[in-house]
Amino acid sequence: MSDGTLFGTLCAVDPEPQQLAQKQADLLAVLARIIATAIELDNELEQRRMVERKLQHQLEFTATITSSLVSGLFAIDQEGCLTLINPAAQRALGWTEAELLGKDMHQLIHHQHADGTPFPKEECPLLGVVGSGETVRIDDDVFTRKDGTMFPVAYTSQPIVEDGQVRGAVVSFRDMTERKRAEESQARLAAIVQSSDDAIIGKTLDGVITSWNRGAENLYGYSAEEVVGQHISILVPPGYPNDVPNLLEQLRRGEHLSHYETKRSTRDGKVLDVSLTLSPIKDSRDNHVGTSTIARDITERKQMEKERAQALVAQRAANEELERINKVRKDFVSVVSHEFRTALTGIQGFSQMMRDEDFRVEEMTEMASDIYEDATRLNRMISEMLDLDRMESGRMTLNLGEVDLNEVLVRTTDQIRSNAPGHRIRLQLDEGIPELLADRDKLTQVVTNLLTNAVKYSPEGGEITIHSHLEGGFVHVRVTDEGIGIRPEVLEKLFEPYTRVESQATRYIQGTGLGLAISRQIVILHGGEIWAESEPGAGSIFHFTIPLDASRPVTDS
Amino acid sequence: MAKIVFCEDDPMVQKLVRLTLRSTPHDIYVAGNGAEGLVLIERELPQVVFTDISMPELDGLQLIQKLQARAHLKHIPVVVVTASVQPHQMEELYRQAAVADILAKPFSVHELRAKVDQFAGTNS
């Protein structure tokens, strides 16, 4: 062979053996070399064909790949002129390969920024690659289509290196229109969620907080950083039932809860009434991947509802009380007018007869005193009503002076005795009682009232005892009778005005029924107390105390 | 001459009734309440009963019911003498079968005598 290796043997076969002449042998040697050279050439050709086939395959393979790529792909030379472009890039740019081949790509598709300002070629990162030999990746740029419209792109520009020299760049890009749109709509959605006044909280199925909007921050006082990663049950106020596990269970079952009202606590421990709307979050394959909660503070509404309910109850109670008072007043008016007419019956009848008929002097005297008594009765009732009015408007005042209480008891007893000769009234007085500083007339009114009652409610001949004694800084007076006594339910309200007119059982009794209420007011104004004890059928004991000096508050010693 | 039972708890009105009717020929029986009145009515079988409404023990209306419940007493006319007369109460009273008439307090001497004459009659 040409390199001196032995390739094979050339044999010349004769019909009869003969010795080859030197000339013949040389010729054979030349022939052998020619044959070897021909074979060598043929081998080389075969190898070359194989390489070419391989290259062809690779080129086809590359072309298939580039044309099947979804991303746009093009190659440029050192000047930025197009050498190759795939179909995806042609579709995206609106140009055909034929239109672009050899054209300056920057000038055609990359000459302006997104805002329309020019993009100088010197600053083009696509071409920069050619100078630097470094791969460049840009995520937010725009390309311009043949029709002049722009679209957002992300691209990579990679240098083409041949024999250690950068010969150009391959640019692959993606149209980001859809993604941009998706991102924008997501951002819009996120902004809506973020700016919502309602608290919107994302959680895992296990209740771990994954998102927390500003509404949630405002409502609960926790910042997103503080609570994301924490369990939602941190919002359950201490001392309240933890309803979170149950709610999560319902959400895991795919249930949706609307306007679920419960209690939640803020970061400061304030307990809120909240209305929750809870929904499971599903991914595109319908799997539950989490839960969302929309919470609204309804504390104020709850408070208002409560207040409204309370106000209603109070209003109803006030109405009932007003109704009761109205009825009592009406009854009172009818009782008082009854009493007035009864007293007037005597006055009118007796005076009429004295005027029109003849009577003996003694009879006339008796009639005159009867008239006087009825007139006194009327006057007393009017006084009591005026007292009631003063009492109710808080205008009752004391006219203080020196008072010998025992003397008041004796004088009042004498007067009552003369009107009720059938009753036995006994006095048990403590002679050591000093003079009081009190309102004499009003104390007389109290004693008269208690004694009149004792007489009124005792049978003829019943014994009534009046007892006085000094007790610390007070005089304690007791009036005991053996009368009909007082039922416990009446005893309870005995010193309230109008008590008597409210009970049918006691309505027939003469007078306004205001006596005890007025007596209580007088005693209280003096700084004393009044009370009664009684058993029905076994008589009653009325007590009152008066401090020695009603002008100074006295502490009970 | 007739028998009249008068039920009245107010002592002054009792006195006035006695004095006013002293000049009439009738026998006046005065009771302090309805219960006493019922005893007197049972005993005397009067031609007419005058009664106050508001009285202890047995009030005027209860007395009327008692009279109505007794066959031999239910025919006796009852004149109600009351200080608490209001129009609706009048109607209510008149609706009671046994209420023959109403005498409102304060009454004049003449009114009382006229009512007595009307129901007791001067000739009975």
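Two residues are in contact here when they have heavy atoms within 4.5 Å of each other. Keep that in mind as you explore these close-ups of a predicted model.

**View 1. The surroundings of A:Phe542, a residue of the largest nonpolar core.**

**View 2. The largest nonpolar core and a second one.** Nonpolar side chains tend to be buried together in soluble globular proteins. The largest core here has 44 residues, and those with the most contacts inside it are A:Leu436, A:Leu451, A:Leu494, A:Phe542 and A:Phe544. Which helix gives the most to this core? That is helix H13 of chain A, residues 440-456, with 7 residues. A second, separate core has 30 residues, including A:Ala343 and A:Phe359 from chain A as well as B:Ala2 and B:Leu112 from chain B.

**View 3. A cluster of aromatic rings in chain A.** Over all chains, the count comes to 9 aromatic pairs. Look at A:Phe143 and A:Phe151: their ring centres are 6.3 Å apart and their planes stand at 90°, so this pair is edge-to-face, as planes over 60 degrees apart count as edge-to-face. Are these two residues buried or exposed? Both A:Phe143 and A:Phe151 are buried.

**View 4. Helix H5 of chain A and what covers its buried residues.** This helix spans residues 125-132, and its buried residues are A:Pro125, A:Leu126, A:Leu127, A:Val129 and A:Val130. Among the elements covering them are four strands of chain A: S1 (72-77), S3 (136-144), S4 (150-162) and S5 (165-175). Just after the helix, look for A:Gly133, which takes a positive phi of about 75°.

**View 5. The largest cavity and its lining.** Rolling a probe the size of a water molecule over the atoms shows where empty space is left. The structure holds 2 cavities of 30 Å³ or more, and the largest has a volume of about 110 Å³. Its lining has 13 residues, with A:Lys203, A:Ile232, A:Arg264, A:Leu278 and A:Thr293 nearest the centre. Strand S6 (199-203), helix H9 (244-252) and strand S9 (271-282) of chain A each give two or more residues to this lining. The largest share, 4 residues, comes from H9(A). Sorted by class, the lining has 10 nonpolar, 1 polar and 2 charged residues.

Conventions: Residues numbered from 1 in each chain as written. Chains lettered and ligands numbered in written order. Predicted model: local features only at pLDDT ≥ 70, side-chain atom pairs only at ≥ 80, totals over all residues. Heavy atoms only, no water. 1 Å grid on protein atoms, 1.4 Å probe; cavity = no way out; pocket = protein on both sides within 12 Å on 5 of 7 lines; lining within 4 Å. Points joined across faces, edges and corners; volume = space filled by probe spheres on them. Nonpolar A, V, L, I, M, F, W, Y, C, P; charged D, E, K, R; others polar. Phe/Tyr/Trp six-rings, centres within 6.5 Å; stacked < 30°, edge-to-face > 60°. Buried < 20%, exposed > 50% of the residue type's maximum accessible area, 1.4 Å probe, protein only. Core = buried A, V, L, I, M, F, W, Y, C linked by side-chain atoms within 4.5 Å.
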